[in-house]
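Dear colleague,

Please find below the sequence and structure that I am handing over to you. My notes on its domains, pockets and cavities follow.

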Amino acid sequence: MYHPRLYGDFYDMGLKYGSLLLDKANFTLPKISKGKYDFGLESYKELQNFYPEVIEEIKGFAKGIKDKPEHVGAFLLSLGVFNTTGQCSVFAFKNNSSVVFGRNYDMLYAFKKFTESNLIAPKDKYAYIGQSDVFIGRSDGINEKGLTIAMSFVNGNKVQPGISFHFMIRKVLEDCNSTKQAIELIQNTKVSSANNFLIADRTGDIAVVESCPQMSLVRKPNTNENFISITNQFQLAEMKKYEKGGVAWSKSLERYEGLEKQLSNITKIDLTKAKEILSNKCVCLNLKKQGFGTIWSVVSDLNELTIERAETKPKVTNYKADTRLNWWLRKRDGKILNTQEK
């Protein structure tokens, strides 16, 4: 897993990372079909209105790899739309004075070599740690305000040019400081495909947005429950008609039931318990025949901004602390203090 640290202007972040990939890996964009390219290009136009700042980052990245911004944008915005290979498990749990988040990202093992965990601190935006298996986009993360978001694929029955989950998650992490803000952003955006978005903030507001091109609805914890979880299907009856199913191979229902059972049997959780839950064989995928399983796992305490990550199949003992966000906040706030003193 790569661990880039990018901060400053969007264009400069893109240029730095693109130049690094070209220099160190001779990176070029993978080829995609004309149909995907045309779809991605239409979505790129939507992104220009949705998040113009990230367009500057794409321009910088394109400059760094010596390609055209439209090519980079079309590639990025076609990912995860036509081939929803990823299968994931996510939960959030409210204690009396803290919120704990956990996430397994399940994908083809061959994708492990593309995985990243980034410290991103754009100018005039919130800083955050985010994970992904593609440059620029994000699949989950936690920002400096203690807001976290993670997606899971749903096999929907419609796609449309729009905003993909990679950029939805970026926008939430960089612009939102509460679950309420994140929900409003997602529900007011033209999305390209079906996904679950699990969102939690340090106040204990936890929710899932079940989202697809046709509509989106918010799911909250059931009465007397202090947790919520997602795998790879919609749970709300009104949303079921917008999915095609076909996720039994990844044990999506079994993983969801496994999460719900474990979470309903506890009254309090810490990071160690979160690791146990994600490492449990009823949640952690290891499908050797398909070459598929959990390729990273993240747990975090939203109130303390404590983040630990396993960069392979998770076990309780193989998570490592990620202190980059707190390092950045100390560095940034120290600079502010020094400026004020002058």
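Three salt bridges are counted between domain 1 and domain 2, a salt bridge being a side-chain nitrogen of Lys or Arg within 4 Å of a carboxyl oxygen of Asp or Glu. The side chains of Lys190 and Glu46 form a salt bridge, with 3.3 Å from N to O.

Please note that this is a predicted model, in which local features need pLDDT of at least 70 and side-chain atom pairs count only at pLDDT 80 or more, while totals for chains, interfaces and linings use all residues. Residues are numbered from 1 along each chain as its sequence is written, and side-chain values use heavy atoms, with hydrogens and water left out.

The chain is assigned domain 1 (8-78) and domain 2 (87-333), with bounds that come from an automatic or database domain assignment. The contact between them (heavy atoms within 4.5 Å) takes 23 residues from domain 1 and 26 residues from domain 2. The C-alpha centres of the two domains lie 24 Å apart. The size of an interface is often given as the accessible area lost when the parts come together. Here the area buried between domain 1 and domain 2 is about 2000 Å², with 72% from carbon and sulfur atoms; buried area is the accessible area (1.4 Å probe) that two parts lose on being put together, summed over both. On the domain 1 side, Phe50, Tyr51 and Leu76 lose the most area to domain 2, together 31% of what that side buries.

On a 1 Å grid over the protein atoms alone, a cavity is a set of points where a 1.4 Å probe fits but cannot get out, whereas a pocket is an open set with protein on both sides within 12 Å along at least five of seven lines; lining residues have an atom within 4 Å of a point. Grid points are joined across faces, edges and corners, and a volume is the space filled by probe spheres set on the points.

The largest pocket holds about 820 Å³ of space. It is lined by 35 residues, of which Phe75, Phe111, Phe114, Asp133 and Val134 are the closest to its centre. Because domain 1 and domain 2 both give residues to this lining, the largest pocket lies between them. Helix H1 (10-25) gives the most to the lining, with five residues; helices (H or I, at least four residues) and strands (E, at least two) are DSSP runs, numbered from the N terminus. By class, the lining of the largest pocket has 22 nonpolar, seven polar and six charged residues. In this scheme Ala, Val, Leu, Ile, Met, Phe, Trp, Tyr, Cys and Pro count as nonpolar, Asp, Glu, Lys and Arg as charged, and the others, Gly among them, as polar.

The second largest pocket, of about 170 Å³, has a lining that includes Thr28, Tyr37, His71 and Phe75. Its lining divides into five nonpolar, two polar and two charged residues.

There are two cavities of 30 Å³ or more. The largest cavity has a volume of about 40 Å³, and strand S6 (140-143) supplies the largest share of its lining, three residues. Five nonpolar, four polar and one charged residue make up that lining. The second largest cavity, of about 30 Å³, is lined by four nonpolar, four polar and no charged residues, among them Ile163, Phe165 and Ser211.

Yours sincerely
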